[in-house]
Each structure stands twice: as structure tokens, then as C-alpha cells.
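I opened the model and kept notes as I went.

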Amino acid sequence: MKSEKEGSDVAIGKASGKIILMGEHAVVYGQPAIAMPFSAVEIVSQVSKKGDALSVSCAFYEGLVHQMPKVWESLKHAIRFSLYRIGAPTDPAIHIEIRSSIPAERGMGSSAAVAVAVARSLFAFYQKELTDQELWEIVQSSEKIAHGNPSGIDALTTSGKSPIYFVKGQTIEAISLRLDAYLVVADTGITGNTHQAISDVARLVAENPEAETWIEELGRLTQATRDALAKGQVGVLGDLMNQAQIYLQKLGVSMDTLDEYVTISRQQGALGAKLTGGGRGGCMIALAADQKTAQMIAATLTDAGARRTWIQYLGE
């Protein structure tokens, strides 16, 4: 989503969330993954002239930027680095208000999205052009602080409009998504631990030769998903999602709540359902052929304890 100016003294920047459709965990081992922008949730950053120094307000902090706790260093860096690239003063008398509907630590790209939104709002405020490359560099720089060695998937999906096909070390490819179907996303309310899940999968791969085959199968399913998306094959995509969930369970990255939500979704008519992201909590996705089914799935998941649900149409 692009920046929007609101007069000379206020500017807004937006970013969407992201969902991994297929390939989580296998992507670590050189297999492909497909991720997509998820516009049902977003972050909005509003910059205005206010106060005597650079300040910020959001759900977890309100005050001067230079006094932000170290745990929010990635956000501070996104602000400071954007101002540096703009050529603005390091401590201008402006206020940044950040509003988010993206749940944190659920694999939906919240840290990248906030960097995207902040950069867009600051460049709009100072009426400076923000190129895609410059935005990428700002967000990746911030993500390195938040996650150590980011793949770049979150930076691209939270700032773009197209799904991407990604293989580690290769050029990221934008792909088409025009399905007459709906995606339901359900938040378990449980914070996932992606780093621990990745470590556990690595241990499993080292100890169990069969686990390597499961990783390869997830890669094959991702390749098949790209073909299904290109051909608009909704039913095929659902089958692929169901197969992927089996291998993710074998790898030990699912958990009881995710499995329960997958089962409920299928019982309510989902064509396919699986976890999304690192697992061990976080979110689950379900594919529905029509809006009525999607709404039924979402309502049933809410009754089952899902903290939040969202629905996104996958067509144009």
C-alpha cells in the first residue's frame, strides 16, 4: 500500500500483513516457499508536527524515540534510518503515531510491516520519493535487528501487492493469484517460537533420514501450488494444503490447537487447511470455495476459541 499525504503537516504510510501459503520450514533447506500480502490486517503510521522532539506512540510504547527500550530497537532503527536517508534532522519536532491490526509474533510480518509503514509516512511527510529499492534497504536493515538474518520475504510481502515464490539464494519471483475463493486466517492466541521450531526441525533432520524426505515433499507441494495458482485450480490448492499439513505435523511444528482448528475447518467445508508460519502456535489458514462457507468456518473457529479470525478474497 502506498503512502498518502494529508496536507502539509500530516502524512500517512501503510503496510499490510503477510501469510505464508506454502513452504514454511522447508524453505530453510533450499526448498521453495510462497508468501502473500494479507490486506485484512494492516499497520498505519501517521506523522505530524507536534512537540519539541521526535516522539512515537503505539500499542507498546509512548514517548521520545531516543528513550525507547532496547527491545524496540528495530522500530527505532527504522525511524532513524529513514530520517537519515531523507536527509532530515536526527531529532525533528514530529510525532509518529502507529496503529496496527496485525498481531505480533504470529508469523504475519508485523515487524517488517511497521518498518514499511513508518518509512512511507516519513518520506511522504518530507515530500521525498521513496523507491522500492530504498524501502527494501530500510526494512531489511530494521529486520536484521529484529530477526538476525531475514530472508526478505516479509519486506516484500508487507510492502507489495503480489504473492512471491521464493527459494533461498535465488531471485524472488512475483506470481499471480486470481482465485475465486476465500482464505480464512485464525489466530490461536498462542505466541509461536519460530527459532525453537527451526532448531527442533534441524535436530530431527539430522537424526531421522526420513525427515529429509518430508522436507523435499513440502518443496514439491510448493511447486505444485505455484502451478495450481497459475491455472486457478482451487480444489487442487486445497488438496495441496491438506497434504502439507501432514508433513508439517510429522516435522513436529504443529500442535494440538492448530490441529483442532484444521479439523474444524475441514468439517465446516474447507477445501484445505494448514498451519502458516513457524507453527507451535501462531495462525492457521483455511481455503473456502465461497464467502458463506468462509464465514461459517470463521464463526466456528471463533466459537472454538480462536482469538481472532479474518477473511480475504483471493480474486481481484
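The entries below run from ground rules to single residues.

**Ground rules.** This is a predicted model, so I kept its thresholds at hand: local features need pLDDT of at least 70, side-chain atom pairs count only at pLDDT 80 or more, and totals for chains, interfaces and linings use all residues. Residues are numbered from 1 along each chain as its sequence is written, and side-chain values use heavy atoms, with hydrogens and water left out.

**Aromatic pairs.** I asked how many aromatic pairs the structure holds. I found five. My criterion pairs rings of Phe, Tyr and Trp (its six-membered ring) with centres within 6.5 Å; planes under 30 degrees apart are stacked, over 60 edge-to-face, and the rest tilted.

Phe38 and Trp310 are edge-to-face, because their ring planes stand at 85°, with the centres 6.5 Å apart. This pair links distant parts of the chain. Phe38 is in strand 3 (residues 33-49) and Trp310 in strand 12 (residues 308-313), 272 residues apart. I took helices (H or I, at least four residues) and strands (E, at least two) as DSSP runs, numbered from the N terminus.

Buried here is under 20% relative accessible area, exposed is over 50%, and partly exposed is in between (1.4 Å probe, protein chains only).

Next I looked up Tyr182 and Tyr313. Their rings form a tilted pair, 4.9 Å centre to centre and 45° between the planes. Tyr182 sits in strand 9 (residues 182-187) and Tyr313 in strand 12, 131 residues apart. Tyr182 has 15% relative accessibility and is buried. Tyr313, at 34%, counts as partly exposed.

**Charge over a ring.** I then checked Arg226. Its charged end sits over the ring of Tyr165, 3.9 Å from the ring centre. The test asks for NZ of Lys or CZ of Arg within 6 Å of the ring centre and within 35 degrees of the ring normal.

Arg226 also falls in an annotated span. The UniProt record, an unreviewed entry, places "domain: GHMP kinase C-terminal" at residues 226-305. UniProt positions are given in the numbering used here, feature names are shortened, and annotations may be inferred rather than shown by experiment. In the model, the end C-alpha atoms of residues 226-305 lie 32 Å apart. I read the span as 60% helix and 14% strand.

**Helix 5.** The expected span is 1.5 Å times one less than the number of residues.

Ala197, Asp200, Val201 and Val205 are buried in helix 5. They cover an arc of only 140° around the axis, so they lie on the same side of helix 5. The arc is taken from the directions from the helix axis to the C-beta atoms. On the other side, His195, Ala206 and Glu207 are exposed. Helix 6 (209-231) is included in what covers the buried residues of helix 5.

**Helix 2 and its flanks.** Helix 2 has 16 residues and reaches 22 Å from first C-alpha to last, close to the 22 Å expected at 1.5 Å a residue. It is mostly covered, with 16 of its 16 residues buried.

Glu105 is exposed, at 57% relative accessibility. Leaving aside neighbours within four places in sequence, Glu105 is in contact with Ser110, Thr191 and Gly192. Contact means heavy atoms within 4.5 Å.

After helix 2 comes Gln127, whose phi is positive, near 55°. Gln127 lies in the loop between helix 2 and helix 3 (132-147). With 56% relative accessible area, Gln127 is exposed.

**Another positive phi.** His25 has phi near 70°, a positive value in a residue other than glycine. Its place is the loop between strand 2 (10-22) and strand 3. His25 is buried, at 6% relative accessibility.

**Tyr261.** Tyr261 lies in helix 8 (residues 256-267) and is buried, at 2% relative accessible area.
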